[in-house]
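Please work through each task before reading its solution.

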Amino acid sequence: MSQLTEIVSYSPATGHEVGRYPNTTPETINELVARASAASIQWRALGFRGRKKILRAWAHYISEHIDELAAIVAQETGKPLSDATLEAVIAVDHLSWAARNAGRYLRNSHRAPGMLMANMSTHVEYQPLGVVGVIGPWNYPVFTPMGSIAYALAAGNAVVFKPSEYTPGVGYWLGESFNKIAPEANVFFVATGGPETGAALTKSAVNKIAFTGSSATGKKIAASCAENLTPVLMECGGTDPAIIDRDCDIDKAADAVLWAAMANAGQTCVGIERVYVHQDVAAQFTEKISQLASELVVGRDYGAATMPKQLAVIDSHIKDAARLGAEFIVGSADSVQPPYVLPTIMTDVPEESLANSEETFGPTLTIRSVATMGEAIALANASKYGLAASVWSKRQGKTIARQLQCGMVSVNSVLAFTATPTMPFGGVKQSGYGRIHGPEGLREFTYTRAVVALRFKIPLIFTTFKRTAKTDSFIKRLIQLLNR
Ligand code: NAD
């Protein structure tokens, strides 16, 4: 079957069409990658300062037109305008940080040559990869891909970006805005389209794929990239826990955890889906969070589910929990009311239920009372995912955080790492591998090159067929002395 020439973008709130964009073909993907590859040489030659100028001008442009961008985000995702604006603000902060700091973190790193090579000078270079293919999701269609786009460009790469088919207008706007700033650069192309367009990008001559999306799609992408050993950065899903200790500020914890669970209609990769609360404060916490949840207004505090088919997934998780004996503290087994999902908080939900073991990606939360923080840690870690977590404790916050198997933890706060450009972002286990943001995020889009150069000649040369017995005996003695 031939590929459709266009994809249509709809408003999830109204169901109305809001735009049409090309469904980029594999042939066009290959052309774009070839153009980006050719232009990347000039981009690399600009150096950190040259690229910084352009990327900061882009950040300036986006910040000046943030209302325009936020309006498209709100329209295509269904999220409130205020949330869309906040998302764009954080994305610009990352772009600006990457532009300003790439030179600092990617400059040559001098290394000690060691005793055996004391006559050599040694350093490591961080070289751009070439062309990075970025495949993005719809839930944070500016913030999430920008974590790869900005860092890859700042590191000296060209980028071909395939936005989600649910938010092509946002991707298109980003491409147009960059081209207004640097019309001749040819280093940032946006290829709108569906999964086939993404698949074509993974098979193209890109030098790395930076993927953000579900773990199921991530596995397909990793398999496709394996054919050419194309490296992949995987930012996938999770079912993140919050751990509530008995000595924490319960009111603050309830307020923040509720927001982390339900903002953006629960469609946040690092959103909280499970709570493990100390039994001494479980009743107090549950009562407080339920009271706050009952004050939420759907359509005002969060919007419609962006992807209609996700509603069936959320519904199946809620119904599965109900079947397994869940008690509904807020909401009910019928919380899914298309295109919205009502706030839903459940207790007595078994760990093996879909709601606890799989990513729900809706405004739902399970709460379980635990006898000790050790039990909470064990339950938090029992997941196949390991993206992020939130810990609430006055005395033991960092001690608990250290024992969690995940890439990011907020102590006495939620999601704080997202708006901190210096901090690496990413997960472990089936939540993915590799890091965006921070120095690690810049290095993710480079390869290291070891450069060792002769500084001065010494009489004992190892790297020759003319090596003498005297040299052999000297190096043997030297290593024995060094390891006494
Ligand atoms: P998805 O996996 O359905 O799609 C993501 C992207 O992959 C889309 O652009 C899609 O077109 C593309 N795609 C689909 N099939 C493909 C294939 N075979 N080859 C190449 N590309 C393909 O994810 P989604 O529904 O758009 O996003 C939600 C998911 O993203 C959630 O699981 C969420 O947790 C995750 N997410 C993770 C992070 C993170 O940083 N870890 C951030 C945001 C979202």
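**Exercise 1.** Determine how helix H1 and helix H7 are oriented to each other.

*Solution.* Step 1: H1 (residues 26–45) and H7 (residues 195–203) pack at an angle of about 45°, and their axes are 9 Å apart. Axes are lines fitted to C-alpha atoms, for helices over the stretch in contact, and angles run from 0 to 180 degrees between N-to-C directions. Step 2: Angles under 35 degrees count as roughly parallel, over 145 as roughly antiparallel, 65 to 115 as roughly perpendicular and the rest as oblique. H1 and H7 are therefore oblique to each other. Step 3: Pro26, Ile29 and Val33 of H1 meet Thr197, Ala200 and Leu201 of H7 in the contact (heavy atoms within 4.5 Å).

The model is predicted: local features need pLDDT of at least 70 and side-chain atom pairs count only at pLDDT 80 or more, while totals for chains, interfaces and linings use all residues. Residues are numbered from 1 along each chain as its sequence is written, and side-chain values use heavy atoms, with hydrogens and water left out.

**Exercise 2.** State which orientation H3 has to H4.

*Solution.* Step 1: The angle between H3 (residues 66–77) and H4 (residues 81–105) is about 125°, with axes 8 Å apart. Step 2: That makes H3 oblique to H4.

**Exercise 3.** Is Thr77 buried or exposed?

*Solution.* Step 1: Thr77 lies in helix H3. Step 2: Its relative accessible area is 1%, so Thr77 is buried (under 20%; exposed is over 50%, partly exposed in between, with a 1.4 Å probe and protein chains only). Step 3: Beyond its neighbours within four places in sequence, Thr77 is in contact with residues including Pro12, Trp138 and Thr306.

Methods. Helix = DSSP H or I, 4+ residues; strand = E, 2+ residues; numbered from the N terminus.
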